[in-house]
Amino acid sequence: MPKTPVNFTLNGSPRSAFAGPGQNLLDFLRREVGDLTPKFGCGQGTCGACTVTIDGQTQLSCLVLAETVEGRDIRSAAGLANGPTLDLLQVAFMDHFAAHCGYCTPGMLVSARALLDRNPRPSRDEVIEAISGNLCRCTGYEPIITAILAVAEGRARA
């Protein structure tokens with residue numbers, strides 16, 4: 001079967017690549033585009049390791065067909081930093097030891113950034129809700145929540 005050309009924006013840059021029939025966005029981003037920050041965790045939409053935003057909404061890239069992102073804006077964890085300057089969330093995750101093994105970290109960061117972009121001052125409960133689709137087996141979530149709240153409360157170092 002022929003591949004489908006897909007034109008989209010990834011982390012602010014226009015991109016084009018060919019998607020195979022039935023190829024999901026996670027596989028497309030990793031294999032065809034070279035963005036390795038979305039992680040393969042479960043492949044069935046239950047762990048959140050592959051979280052990206054599409055037009056500002058968090059999505060599990062393992063459940064999205066690659067050909068459906070034609071003309072859309074995709075953001076992954078690779079787009080958080082501005083060159084060598086880390087996003088405040090990335091710094092807060094380091095400062096609060098929120099990344100242990102690091103496998104869930106890209107999805108957590110994308111979910112947290114999406115929350116803070118739409119609600120810069122979320123409550124603890126709103127933070128918990130925003131990351132509820134992301135499974136972490138290392139931190140117990142408390143350092144992650146603390147890091148996100150530090151950014152929201154302006155306590156993160158720049």
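1. Start with the buried residues of helix α3: Thr105, Pro106, Gly107, Met108, Leu109, Val110, Ser111, Ala112, Arg113, Ala114, Leu115 and Leu116. Buried here means under 20% relative accessible area, while exposed means over 50% and partly exposed is in between (1.4 Å probe, protein chains only). Since 12 of the 14 residues of α3 are buried, this helix is largely enclosed by the rest of the structure. Helices (H or I, at least four residues) and strands (E, at least two) are DSSP runs, numbered from the N terminus.

2. A word on what you are looking at: this is a predicted model, in which local features need pLDDT of at least 70 and side-chain atom pairs count only at pLDDT 80 or more, while totals for chains, interfaces and linings use all residues. Residues are numbered from 1 along each chain as its sequence is written, and side-chain values use heavy atoms, with hydrogens and water left out.

3. What sits over α3? The cover on its buried residues includes the strands β3 (51-54), β4 (57-60) and β5 (73-75), along with the helices α2 (88-95), α4 (124-130) and α5 (142-152). As for length, the 14 residues of α3 (residues 105-118) should span 20 Å at 1.5 Å a residue, and its end C-alpha atoms are 20 Å apart, which agrees. The expected span is 1.5 Å times one less than the number of residues in the helix.

4. Now look at α3 against α5. Their axes come within 11 Å and cross at roughly 35°, and the crossing is right-handed. The contact is made by Met108, Ala112 and Leu116 of α3 and by Ile144, Ile148, Val151 and Ala152 of α5. Those residues divide into 7 nonpolar, no polar and no charged. For the terms: axes are lines fitted to C-alpha atoms, for helices over the stretch in contact, with angles from 0 to 180 degrees between N-to-C directions. A crossing is right-handed if the near helix is turned clockwise from the far one by less than a right angle, and left-handed if anticlockwise. Contact means heavy atoms within 4.5 Å. Ala, Val, Leu, Ile, Met, Phe, Trp, Tyr, Cys and Pro count as nonpolar, Asp, Glu, Lys and Arg as charged, and the others, Gly among them, as polar.

5. Helix α5 is mostly covered too, with 9 of its 11 residues buried. They are Pro143, Ile144, Ile145, Ala147, Ile148, Leu149, Ala150, Val151 and Ala152. Among the elements covering them are α2, α3 and α4. Just after α5, Gly154 takes a positive phi of about 75°.

6. Which residues have the most contacts inside the largest nonpolar core? They are Leu89, Phe93, Met108, Ile144 and Ile148, in a core of 25 residues. Two or more residues each come from α2, α3, α4 and α5, and α5 gives the most, with 7 residues. Apart from this core lies another, of 15 residues, including Val6, Leu10, Ala19 and Val52. A nonpolar core is a set of buried Ala, Val, Leu, Ile, Met, Phe, Trp, Tyr and Cys residues joined through side-chain atoms within 4.5 Å. Leaving out residues up to four places away in sequence, Phe93 touches Ala98, Ala99, Thr105, Met108, Leu109, Ile144, Ala147 and Ile148.

7. Thr53 is worth a click. This residue is found in strand β3 and counts as buried, at 8% relative accessibility. Not counting residues up to four places away in sequence, Thr53 touches Thr58, Asp73, Ile74, Arg75, Val110 and Ala114.

8. Then a few loop residues. Tyr141, in the loop between α4 and α5, is partly exposed at 26% and has a positive phi near 75°, in a residue other than glycine. Asn11, in the loop between β1 (4-10) and β2 (13-19), also has a positive phi, near 55°.

9. Last stop: Arg30, in helix α1 (residues 25-33). Arg30 is partly exposed, with a relative accessible area of 29%. Beyond residues up to four places away in sequence, Arg30 touches Asp35, Leu36, Pro38 and Lys39. Arg30 and Phe40 are 10 residues apart in sequence and 9.5 Å apart in space, C-alpha to C-alpha.
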